[in-house]
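User: I am learning to read protein models and would like to go through one feature by feature. Could you give me the general idea each time, and then the case at hand?
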Amino acid sequence: MDSSSKEALMEEAPPRYTASPHLPCVPQQLKSLLAMAVAVVILVVVLAAFLLLGLHLTETHAEMVLRMTIHGADAEGTPQHLSLSKKERTGMFAVRDGLNASAMVVYDYSKLLVSYRSWRHRACYVTRMDKDNIPGLDAVTQTFQQRQAEMKEGESPAPLADRSILGTTVNILCSTVPVYWA
């Protein structure tokens with residue numbers, strides 16, 4: 001190669017390969033509309049994802065049974081377990097019923113009933129509660145246990161014939177035993 005041809009090549013500026021700021025064959029208005037549509041779709045997808053996540057969490061908490069361990073005021077004794085159902089508006093406590101026995105107390109806030117089912121006795125007891133004066137767990141347990149003792153002594157009224165006044169939780173809990181008013 002000639003030195004003159006080398007000099008000629010060196011003097012020429014190299015070609016520019018830069019990206020075109022405009023897409024070929026697409027008008028500027030269409031590009032901005034397309035960018036806006038993509039941004040809106042992304043925003044809607046993110047918003048829908050957050051709403052579905054929130055709905056899932058809310059439904060899980062509403063349907064899930066909340067379990068807590070509650071100790072007495074003196075923090076002694078056996079812990080009591082509480083199960084809440086927001087859907088049925090009930091609260092269920094597992095309580096002691098003498099030695100080595102337990103019972104379930106169900107507060108039905110929608111029907112304003114308190115129910116008691118002892119596992120060692122073949123009966124359920126139900127009483128009404130005042131929505132302004134809901135009885136405490138100790139008072140309810142004592143009332144039902146006194147009623148149970150009266151039933152043992154021989155006084156046996158007829159069981160509740162119409163179980164439709166009971167809620168779903170109590171109907172399931174007391175499905176295999178007679179239900180009495182306390």
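User: Is Val38 buried, partly exposed or exposed, and what is its relative accessibility?

Analyst: To place a residue, we compare its relative accessible area with two cut-offs, since buried means under 20% and exposed means over 50%, with partly exposed in between. In this predicted model, Val38 has a relative accessibility of 44%, so it counts as partly exposed. Val38 is found in helix α2, which covers residues 28–63.

User: Which residues make the nonpolar surface patch that has an area of about 680 Å²?

Analyst: A patch of this kind is built from nonpolar side chains that each have over 30% relative accessible area. Here the patch is made by Leu34, Val38, Ile42, Val46, Phe50, Leu53 and Leu57, and Val38, at 44%, is therefore above that cut-off.

User: How many aromatic pairs are there, and how should I read one?

Analyst: Two aromatic rings pair if their centres lie within 6.5 Å, and the pair counts as stacked if the planes are under 30 degrees apart. By this rule there are four aromatic pairs. One of them joins Tyr107 and Tyr109, whose centres are 6.1 Å apart with 10° between the planes, so the pair is stacked. The two partners can be read by accessibility as well: Tyr107 is buried, at 3%, whereas Tyr109 is partly exposed, at 32%. Together with Phe93, Tyr107 and Tyr109 form one aromatic cluster.

User: What are the distance and the angle between Tyr116 and Phe144, and which elements hold these two residues?

Analyst: The rings of Tyr116 and Phe144 are 5.3 Å apart, centre to centre, with 20° between the planes, and this aromatic pair is stacked. Tyr116 lies in strand β5 (residues 113–118) and Phe144 in helix α3 (residues 137–152), so the pair ties together parts that are 28 residues apart in sequence. Tyr116 counts as buried at 0% relative accessibility, and Phe144 is also buried, at 1%.

User: How many helices and strands does the protein chain have, and what pattern do they follow along the sequence?

Analyst: The protein chain has four helices and seven strands, and reading along the sequence gives the pattern α-α-β-β-β-β-β-β-α-α-β.

User: What share of the residues is buried, and how much of the accessible surface belongs to carbon and sulfur atoms?

Analyst: Of the 182 residues in the protein chain, 25% are buried. The accessible surface comes to about 13,300 Å², and carbon and sulfur atoms account for 62% of that area.

Methods
Residues numbered from 1 in each chain as written. Predicted model: local features only at pLDDT ≥ 70, side-chain atom pairs only at ≥ 80, totals over all residues. Heavy atoms only, no water. Buried < 20%, exposed > 50% of the residue type's maximum accessible area, 1.4 Å probe, protein only. Areas by Shrake-Rupley, 256 points an atom, 1.4 Å probe, with all protein chains shown as cover. Phe/Tyr/Trp six-rings, centres within 6.5 Å; stacked < 30°, edge-to-face > 60°. Patch = residues over 30% accessible without salt bridge, like charges linked within 9 Å, V, L, I, M, F, W, Y side chains within 5 Å. Salt bridge = Lys/Arg side-chain N within 4 Å of Asp/Glu carboxyl O.
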